[in-house]
Each structure stands twice: as structure tokens, then as C-alpha cells.
Amino acid sequence: MRNDVYDYTATGQVAKNTVLQKTYRLLGLSFIPAVAGAYFSGQFGLNLFSLFGQGWMGLVAVLVFFYGMTFLIEKNRYSNVGATLLMIFTFGMGVLISPLLQYTLAIPNGTQIVGIAAAMTAGVFFTMSAMARRTNVNMNSLGRFLTVGAVVLMIAMIANFFLQIPALSLAVSAAFVLFSSLMIMWQVRTVIDGGEDSHISAALTIFISIYNIFSSLLRILLAFSGDD
């Protein structure tokens with residue numbers, strides 16, 4: 001018998017609201033290991049790219065971790081194993097973003113830049129979550145658009161990793177902010193409409209979106225501050 005992390009006896013809108021509430025609670029918890037991972041990495045100088053070199057091996061290691069953990073979480077999306085894997089994943093993502101955070105905090109006004117990026121990210125999240133409850137956008141069409149967008153962004157990200165063109169880097173960061181904002185709205189609306197019954201899967205999608213928005217905004221703010 002599988003270890004189900006939710007056992008809804010209610011149906012209809014009550015059950016959908018329960019999934020959304022559990023999603024938000026799990027999402028909030030997921031940021032605790034993410035912060036711990038960033039702190040741990042900063043204290044001990046752990047950098048996945050440094051371990052595998054700054055070239056393509058580092059990129060491959062990051063992609064293997066990201067997609068490998070995402071696959072395992074989705075495979076266990078109805079069990080406590082999935083929730084545990086989500087915490088491990090967010091810890092790892094905290095480790096990954098730590099070098100960017102440490103670099104930003106080390107420059108003049110770095111703390112302010114991080115604070116602005118965090119405030120803007122929170123603003124985007126709450127705005128898109130609220131819009132999801134009121135939007136009349138066709139979610140199926142938006143889902144197809146986001147699928148294509150994800151492929152295009154992945155290609156652009158890999159190209160930027162090797163080309164290191166500042167203008168392309170800014171364009172990719174801006175595109176990630178837009179894409180991830182729409183992804184939050186799509187995921188919240190999908191839960192509301194009953195198209196997603198796993199709060200683990202929903203929390204994973206929203207966490208990744210918030211992570212991408214925050215890291216992209218950091219890079220954009222750094223570029224405009226003249227320190228990137």
C-alpha cells in the first residue's frame with residue numbers, strides 16, 4: 001500500500017482548495033532547506049561548477065541533478081518519499097544559487113540588490129497567484145505555449161553558457177522572468193480547476209518558477225548596477 005501524503009474525503013471545490021492549501025504550505029517549507037543549502041555552501045565554499053570545472057562538465061552535472069531529482073520527485077508525487085526528495089532538491093538548489101548570492105552580497109549595495117530581487121519575486125508570486133483565480137485565459141493553450149517556451153529557453157540557456165554574450169544573458173534572464181511568472185499562474189489555476197491533484201508536484205513547479213524569477217532578477221539588477 002502506498003504511503004499517500006494526502007487522503008481527501010471531500011470532493012469538488014473543497015478538495016481542490018485542500019490541494020492548493022497543502023501546496024502553499026509545502027512550498028513554504030521547501031524554502032527552509034533552500035536557505036540552509038545557500039548558507040552551507042557559502043560557509044564551506046561548496047560550488048558544484050568548481051567541483052566539475054567551469055566548462056560543460058559542470059553544466060552537465062547541474063542538469064543531471066536538476067532533471068534527475070525532478071524525475072524522482074514526480075515519480076513519488078503521491079508519497080512522503082516525494083516530499084522528502086523535494087526538500088533534498090531545494091537544498092541542492094540553494095547550494096547552486098549560493099555563488100551568485102555570495103558575489104552579490106560582496107559588492108557595494110549588494111544587500112540592497114538581493115532585497116530588491118526578493119521583494120520583486122514575492123510581488124510577482126502573489127500577483128500571479130491572485131491573477132490565477134480570476135483569469136479567463138485558456139489553460140490548455142497556455143500550457144502548450146509554456147511547453148514550447150521551456151524548450152526554447154533551454155536551448156538559449158545552453159547557448160549563453162558557451163557564448164557568454166552579455167546581451168543574450170540579459171535576454172534569457174528577462175525571458176525566464178516572464179516564463180516563470182506565467183508558469184506560476186498556470187500551475188495555480190490548474191490546481192484550482194482540478195487538473196493537478198498532487199501538492200508535491202504543484203509545489204515543485206512553483207518553487208522552480210520562484211527560483212528562476214529570483215535568480216534572473218538578481219542577474220538583471222547586477223547588470224544594470226554595472227557589477228555583472
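## Aromatic pairs

In this predicted model, F40 is partly exposed, its relative accessible area being 35%. F91 is likewise described as partly exposed, with a relative accessible area of 31%.

F65 and F89 form a stacked pair, at 5.9 Å centre to centre and 15° between the planes. Distant parts of the chain are linked here, as F65 lies in helix α3 and F89 in helix α4, 24 residues apart. F65 counts as partly exposed at 23% relative accessibility, whereas F89 is buried, with a relative accessible area of 0%. One aromatic cluster is formed by F31, F65, F66, Y67, F89, F207 and Y211.

## Nonpolar core

The largest nonpolar core comprises 54 residues, of which F89, I184, F207 and L218 touch the most other members. At least two residues each are supplied by α1, α3, α4, α5, α6, α7 and α8. The largest share, 15 residues, comes from α8.

Apart from neighbours within four places in sequence, F207 is in contact with L27, S30, F31, A34, F89, T90 and M93.

## Helix α8

Helix α8 is mostly covered, with 22 of its 27 residues buried. At 1.5 Å a residue, α8 should span 39 Å, and this agrees with the 38 Å between its end C-alpha atoms.

Methods
Residues numbered from 1 in each chain as written. Predicted model: local features only at pLDDT ≥ 70, side-chain atom pairs only at ≥ 80, totals over all residues. Heavy atoms only, no water. Core = buried A, V, L, I, M, F, W, Y, C linked by side-chain atoms within 4.5 Å. Buried < 20%, exposed > 50% of the residue type's maximum accessible area, 1.4 Å probe, protein only. Helix = DSSP H or I, 4+ residues; strand = E, 2+ residues; numbered from the N terminus. Contact = heavy atoms within 4.5 Å. Expected span 1.5 Å × (residues − 1). Phe/Tyr/Trp six-rings, centres within 6.5 Å; stacked < 30°, edge-to-face > 60°.
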